[in-house]
Amino acid sequence: MLTILAALSVVARAEAAPPMDKHFYLPDAAASKIVSVAKAGNAEAEVIVLTEAVAIKETGPKETVAKFGEVYAFSPTFIAVRREVPTMLTFWNLQPDDEHDFMLAAPDSTVLMHLKLMPLTKASYIFTFHEDGIFNFYCAVHQPEMNGQILVLPPASPK
Ligand SMILES: [Cu+2]
């Protein structure tokens, strides 16, 4: 699925974020040179990122769960943003009994941040990328399938 951000002109405020611990953190000073992440502020666009249950024990198909284990996916799996445009990502963990997380990696695979996404919660963060490139993201709990990519494009050229 391809989600290109249109000029939505959304001005929004992030919800309170869950507490961080050493396993879950926002970008540090060095990582913030690549992407800065804030829990509140103004965003020019918003993307809702769902955690989707593709095949789970409660609803099956049981042959699929037996073969692959429980399968989850982010939706969308592809997000395009422009460099220096603050974009709110709001994560909806739709599962009543499954934790997910969101790990963002730099193009060189360095982990930049790691969020915990608790069951049946929404959590918003405002991302501003300072470098172009392809940034992979992962749910570390559900590998290898629960992944996605953020494509950071150069700023729009003036008309
Ligand atoms: Cu997950």
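**View 1. The hairpin of β7 and β8.** In this hairpin, 5 residues lie between the two strands, and Ser-109 takes a positive phi near 80°. This is a predicted model, where local features need pLDDT of at least 70, side-chain atom pairs count only at pLDDT 80 or more, and totals for chains, interfaces and linings use all residues. Residues are numbered from 1 along each chain as its sequence is written, and side-chain values use heavy atoms, with hydrogens and water left out. Strands here are DSSP runs (E, at least two residues), and helices are DSSP runs too (H or I, at least four), numbered from the N terminus. Strand β7 covers residues 100-105 and pairs with β8 in the antiparallel sense over 6 bridges. Two strands pair if DSSP finds at least two bridges between them. His-100 stands opposite Leu-117 in β8. Of the 7 residues of β8 (111-117), 5 are buried. Buried means under 20% relative accessible area, exposed over 50%, and partly exposed in between (1.4 Å probe, protein chains only). Ser-109, at 56% relative accessibility, counts as exposed.

View 2. Cys-139 and His-142 are both buried.

View 3. Phe-74 lies in strand β4 (residues 71-75). Its relative accessibility is 2%, so Phe-74 counts as buried. Contact means heavy atoms within 4.5 Å. Leaving aside neighbours within four places in sequence, Phe-74 is in contact with several residues, including Val-49, Phe-102, Leu-117, Cys-139 and Met-146. Trp-92 is 18 residues from Phe-74 along the chain, and their C-alpha atoms are separated by 9.8 Å.

**View 4. An open sheet of 5 strands.** The order is β2-β9-β6-β3-β4, and the pairing is mixed. Strands β2 (35-38) and β4 stand at the edges with a single partner strand each, so one side of each is left without a neighbour in the sheet. From one strand to the next, the twist averages 25°. Axes are lines fitted to C-alpha atoms (for helices over the stretch in contact), and angles run from 0 to 180 degrees between N-to-C directions. Strand β3 (residues 45-55) pairs with β4 in the antiparallel sense over 5 bridges. Ala-53 stands opposite Tyr-72 in β4.

View 5. Most residues other than glycine have a negative phi, and most peptide bonds are trans. A cis peptide bond joins Gly-60 and Pro-61, with omega about 0°. Pro-61 sits in the loop between β3 and α1 (62-68). The bond from Gln-143 to Pro-144 is also cis, with omega near 15°. Pro-144 is in the loop between β10 (133-138) and β11 (147-153). Glu-84 is not a glycine, yet has a positive phi of about 70°. Its loop runs between β5 (78-82) and β6 (87-92). At 42% relative accessibility, Glu-84 counts as partly exposed.
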